[in-house]
Amino acid sequence: FVRAGQGVFVASPLGGPERPITKSGLVPGWAPDGRSLLIVDRTNDGPRAIFRIDLATGERRQLTQPSGGMGDWTFAVSPDGHTLAFVRYGRPGISDLHVVPIDGGEARRRTNWDAQIGGVAWTPNGRDILYSVHEEAGLDQSLFRIAAEGPAPEHGAHALHTAALGPSMSRPAPGMPGRIAFTTGRIDVGLRLIDLSNPRPDGAIGPTQPFADSTRIDCPGRFSRD
């Protein structure tokens, strides 16, 4: 876990002392074998990158090499621990999914959205990656499934036909089906008319009446001169 202003710590879920791991970093995530921790941290005042910290030796190794923009944030390690899937952000709202070998190598871009990607998870067999993305501005995020290996960046295919954020995949026992956990939600902002000439006895302004109330986001415009 992260303690604001103090860094990243680990502790037993059964209680006991906390162990400081690093004085900086965000978004900690475990490697599958539990022997190392991955964090997001700055690179000498440059964009944020993903680092791996060996819990036995304290060795810190940079796994991703962003050249600019906001850097690398959201990530997930493959079930076999060999590959890192991560989201590289250019400017706000512009990002794509990449993969890179944990032991070092060139990062490969797997998607070609240039859009907002909000979560990454591996399927239990390690062949595919799930990710949530804003297909179009103003729409909910959709869940897509894409092969971890491929000749060129692509979208993949819809995994669920419902709004989905922050997917997390179960690690089922052999022969058992996997399950996806995700967050879903919708922003519904409607317009209201308020009568300013008849305040209530307590001085509050009201009541309000619905006006142009849709199922998405309505922004105030301008009245005509009449």
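Three aromatic pairs are found in this structure, where a pair means that the ring centres of Phe, Tyr or Trp (its six-membered ring) lie within 6.5 Å, with planes under 30 degrees apart called stacked, over 60 edge-to-face, and the rest tilted. One of them joins Phe1 and Phe9, and because the ring centres are 5.7 Å apart with the planes at 15 degrees, this pair is stacked. Phe9 counts as buried because its relative accessibility is 9%, whereas Phe1, at 39%, counts as partly exposed; buried here means under 20% relative accessible area, exposed over 50%, and partly exposed in between, with a 1.4 Å probe and protein chains only.

Before I go on, please keep in mind that this is a predicted model, in which local features need pLDDT of at least 70 and side-chain atom pairs count only at pLDDT 80 or more, while totals for chains, interfaces and linings use all residues. Residues are numbered from 1 along each chain as its sequence is written, and side-chain values use heavy atoms, with hydrogens and water left out.

Two bridges join β1 to β2 (residues 7–10), and the partner of Val2 in β2 is Val8.

Now to another aromatic pair: what is the geometry between Trp113 and Phe144? Trp113 and Phe144 are edge-to-face, 5.2 Å centre to centre, with 75 degrees between the planes. Trp113 lies in the loop between β11 (108–109) and β12 (117–122), and Phe144 in strand β14 (residues 141–147), 31 residues apart.

β12 itself is mostly covered, with five of its six residues buried. Five bridges join β12 to the antiparallel strand β13 (residues 128–134), and in β13 the bridge partner of Ala121 is Leu130.

Finally, how many salt bridges does the structure hold? There are eight, each being a side-chain nitrogen of Lys or Arg within 4 Å of a carboxyl oxygen of Asp or Glu. Among them is the bridge of Arg108 with Glu149, whose closest N and O atoms are 3.1 Å apart. Arg108 lies in strand β11 and Glu149 in the loop between β14 and β15 (157–163), so this pair ties together parts 41 residues apart in sequence. Glu149 counts as exposed because its relative accessibility is 56%. Glu154 and Arg110 also meet in a salt bridge, at 3.3 Å from N to O, and Arg110 is buried, with a relative accessible area of 1%.

Methods: Helix = DSSP H or I, 4+ residues; strand = E, 2+ residues; numbered from the N terminus. Pairing = 2+ DSSP bridges.
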